[in-house]
Amino acid sequence: MLYSFYESLVRPVFFRFDPEAVHELTLKMLGAAGRSRCAFMFAQKVPDHPVEVMGLRFRNPVGLAAGLDKNAVAVDGLGGLGFGFIEVGTVTPLPQSGNPKKRLFRIIPAEGIINRMGFNNDGVDALVRNVELSNYRQKGGILGINIGKNKVTPLEKSLDDYLICMDRVYRHADYITVNISSPNTPDLRKLQFGAQFDELLAGLKAKQGDLERLHGRHVPLAVKIAPDLTDEELGFIAEGLLKNGIDAVIATNTTVSRKEVFDMPHSYETGGLSGRPLQSLSTSVIRKLHGILQDRIPIIGAGGIDSVSAAREKMDAGAKLVQIYTGFIYHGPRLIRLLAENL
Ligand SMILES: Cc1cc2nc3c(=O)[nH]c(=O)nc-3n(C[C@H](O)[C@H](O)[C@H](O)COP(=O)(O)O)c2cc1C
């Protein structure tokens, strides 16, 4: 395999340092690059392979998954790397610091990551200010904004937090993702089940209607789900999405399973596992979900995409778009170009 500049020179240096410190530094650099006249030095040319999903036109089907740029500080720099769309967040109504450090771990032999960040972010108002400063959307870039609840908000008041975020981000988003699948906010995943799920979706849908009338624009709502669901739970979720007219579903978030990384260094850390060890699990969720939804609700596939074949598997299973995060950390910007050229 031909290694890129990133894999042979940059990654070995990055991987000598603490993952979160590297993450913050890289985001700062991308943020600065996006604002400077040197933006072209970090940019790469990626051919257009347009696709239409959720009524939106994407330059190519390869997106950046949520969690890498939680506060939308580097949207322009990231946009220059050739992503077909960028999802920022998860953002919560109030700023919060997340879980104590260390909370991000590389599982190198498996090309995985375990994180228990816990929605560390500067709050929705700061995110909106950053999005306003960026010109990514003016240049035709598609921006998703991923919203969540504050840790201090009781579970039964979750809807309020999502509605506050929706209200603030609606004008600034091309689509909005409702994150109910992070394993790092206590009980958040419970929102995927039972009456709470239905009530949440109905409340969000009603708000979407109000905001659509107010702003004269339909901003699609996507719901992001976990990979750790039984077939029965998946069936229930699919029915709820259909019943409430949700525009898209993102499958999947990180897994709490450790089956694929048994006994590897850091594998016993608490948190969500992403990257290659998640690949087949998330693909099987997409396949089952597509079996129920058919093409009534588009699926955005995420989980361990690190090659063209891994992305194709997601699309063959029923995904219309894909997102990458961990693969991007291990393989760098070349992965975006490879995927965009070959899908
Ligand atoms: C460090 C880290 C932080 C993440 N934070 C979020 C987040 O804030 N919101 C979210 O919806 N997903 C978050 N994710 C999940 C990713 O968006 C993605 O769904 C998951 O990692 C699977 O894709 P991957 O295997 O390509 O990383 C995070 C993932 C990682 C590795």
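Tutor: Phe42 has its place in helix H3, where a helix is a DSSP run of H or I with at least four residues and a strand a DSSP run of E with at least two, both numbered from the N terminus. Please keep in mind that this is a predicted model, in which local features need pLDDT of at least 70, side-chain atom pairs count only at pLDDT 80 or more, and totals for chains, interfaces and linings use all residues. Residues are numbered from 1 along each chain as its sequence is written, and side-chain values use heavy atoms, with hydrogens and water left out.

Student: Why is Phe42 called partly exposed?

Tutor: Its relative accessible area is 35%, and the scheme calls a residue buried under 20%, exposed over 50% and partly exposed in between, with a 1.4 Å probe and protein chains only. The value of 35% falls between those limits, so Phe42 is partly exposed.

Student: Which residues make the nonpolar surface patch?

Tutor: The patch, of about 550 Å², is made by Leu25, Met29, Phe40, Met41 and Phe42. A patch takes residues with over 30% relative accessible area and no salt bridge, joining like charges within 9 Å and nonpolar side chains (Val, Leu, Ile, Met, Phe, Trp, Tyr) within 5 Å. Phe42, at 35%, therefore passes the accessibility cut-off. Helix H2 (19-35) and helix H3 (39-42) each supply at least two residues of the patch, and H3 gives the most, with three.

Student: What makes Asn179 count as buried?

Tutor: Asn179 has a relative accessibility of 3%, which is under the 20% limit, so the label buried applies. This residue lies in strand S8 (residues 175-179).

Student: How do you know that a polar contact joins the side chains of Asn179 and Asn253?

Tutor: The contact distance is 3.4 Å, and a polar contact is a pair of N or O atoms within 3.5 Å, where, within protein, one must be able to donate a hydrogen and the other to accept it, and residues adjacent in sequence count only if both atoms are side-chain atoms. A polar atom of the Asn179 side chain also lies 3.4 Å from the backbone nitrogen of Ser182.

Student: Where is the place of Asp306, and is Asp306 buried or exposed?

Tutor: Asp306 sits in the loop between strand S12 (299-302) and helix H10 (308-316), and with a relative accessible area of 13% it is buried. Its side chain is joined to that of Gln279 by a polar contact of 3.2 Å.

Student: Which residues come nearest to the ligand?

Tutor: Of the 22 residues around the ligand, Ala66, Thr90, Lys224, Gly304 and Thr326 come nearest, and a residue is near a molecule or strand if one of its heavy atoms lies within 4 Å of it. Strand S6 (112-115) and strand S11 (272-275) each supply at least two residues of this shell. The ligand taken alone exposes 610 Å², of which the protein buries 98%.

Student: What makes the pair Glu7 and Arg334 a salt bridge?

Tutor: The N to O distance between their side chains is 3.4 Å, and a salt bridge is a side-chain nitrogen of Lys or Arg within 4 Å of a carboxyl oxygen of Asp or Glu. Glu7 lies in helix H1 (residues 5-14) and Arg334 in helix H12 (residues 334-342), so the pair ties together parts that are 327 residues apart in sequence. Glu7 counts as buried, at 4% relative accessibility.

Student: How many salt bridges does a search of the whole structure find?

Tutor: The search finds 19. Another of these pairs is Glu269 with Arg116, whose side chains meet at 3.0 Å, N to O. Glu269 lies in the loop between strand S10 (248-251) and S11, and Arg116 in the loop between S6 and helix H5 (124-133), so the pair ties together parts that are 153 residues apart in sequence.

Student: Why is Glu269 called partly exposed, and why does Arg116 count as buried?

Tutor: Glu269 has a relative accessible area of 23%, so it is partly exposed, whereas Arg116, at 19%, falls under the 20% limit and so counts as buried.

How values were computed: Accessible areas come from the Shrake-Rupley method with a 1.4 Å probe; for residues, only the protein chains shown count as cover.
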